Amino acid sequence: MVRTMRRLVAVLAGGLAAAVLSLGPSGTATAAPKPAPAGVEITGEGLAEPLRLRAEAHPTHVVAIIDQVNFLGRTGQAKGPKAADLGPKYTVVVFAGDVAKQTYDLYPKAVGGPRVFRPAKQPDARKTAAGWFLGRLSMSETLRTAGVPLERQFDTVSGGVGGGERVIPEDALNPAKDIDEALGELQRLLLLNVAVVLVITSGLAGIALLVRRRTR
């Protein structure tokens, strides 16, 4: 069963790589023979040597990494964030077998959310437009689980293009605590109102008594 699942994931990785690699500048797929096994290579901050992953040995990680770049459109933004706001850069090269096909720069810690930069110069010499894209919120965790030395994040899950979902940690959800706090606030408010009413009543009583004495 395990071997079967690994084979299915490896096939999926090959399919994803084929989808990414088959997109030319016009965004249309071209006919191709059976895709070679997919792979990725990651270089960047904290990696003493390139991190090489192949679908045969690490199918899940290869699929997850390719998923970070397989949604990019033909054109992105011409200008990205300031260099000081980008954070660490990780260059991902997508392989078909032993042949490098495409390269991307990933910035999982960029201010305002992860970013992807696609250089105009690609390993396979195909023509494409350089551009900046919003990355998935799951980028940092995906790179970390693949072996990149990044700090673990607990507030993201995988999601759609340019993002994902922010989730609230379970330990932050405490209905009983919230109810107790709400009741406490209500009690303090009621006590404050009673105190104000007593002060006003006492003041009115004092004024009435003073007026009565003067009118005698």
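## The loop at G87

G87 lies in the loop between α2 and β3; helices (H or I, at least four residues) and strands (E, at least two) are DSSP runs, numbered from the N terminus. This is a predicted model, in which local features need pLDDT of at least 70 and side-chain atom pairs count only at pLDDT 80 or more, while totals for chains, interfaces and linings use all residues. Residues are numbered from 1 along each chain as its sequence is written, and side-chain values use heavy atoms, with hydrogens and water left out.

G87 counts as partly exposed because its relative accessibility is 41%; buried means under 20% relative accessible area, exposed over 50%, and partly exposed in between (1.4 Å probe, protein chains only). From G87 to P108 the C-alpha distance is 7.6 Å, and the two are 21 residues apart in sequence.

## Strand β1 and its partners

Five of the seven residues of β1 are buried. β1 pairs with β3 in the antiparallel sense over seven bridges, where two strands pair if DSSP finds at least two bridges between them. Y90 in β3 is the bridge partner of G44.

β1 and β2 also run antiparallel, joined by four bridges, and V40 stands opposite L53 in β2. Their hairpin has six residues between the strands, and in this hairpin G46 takes a positive phi near 90 degrees.

## Contacts of I42

Beyond its neighbours within four places in sequence, I42 is in contact (heavy atoms within 4.5 Å) with residues including L47, L51, Y90, L143 and V148.
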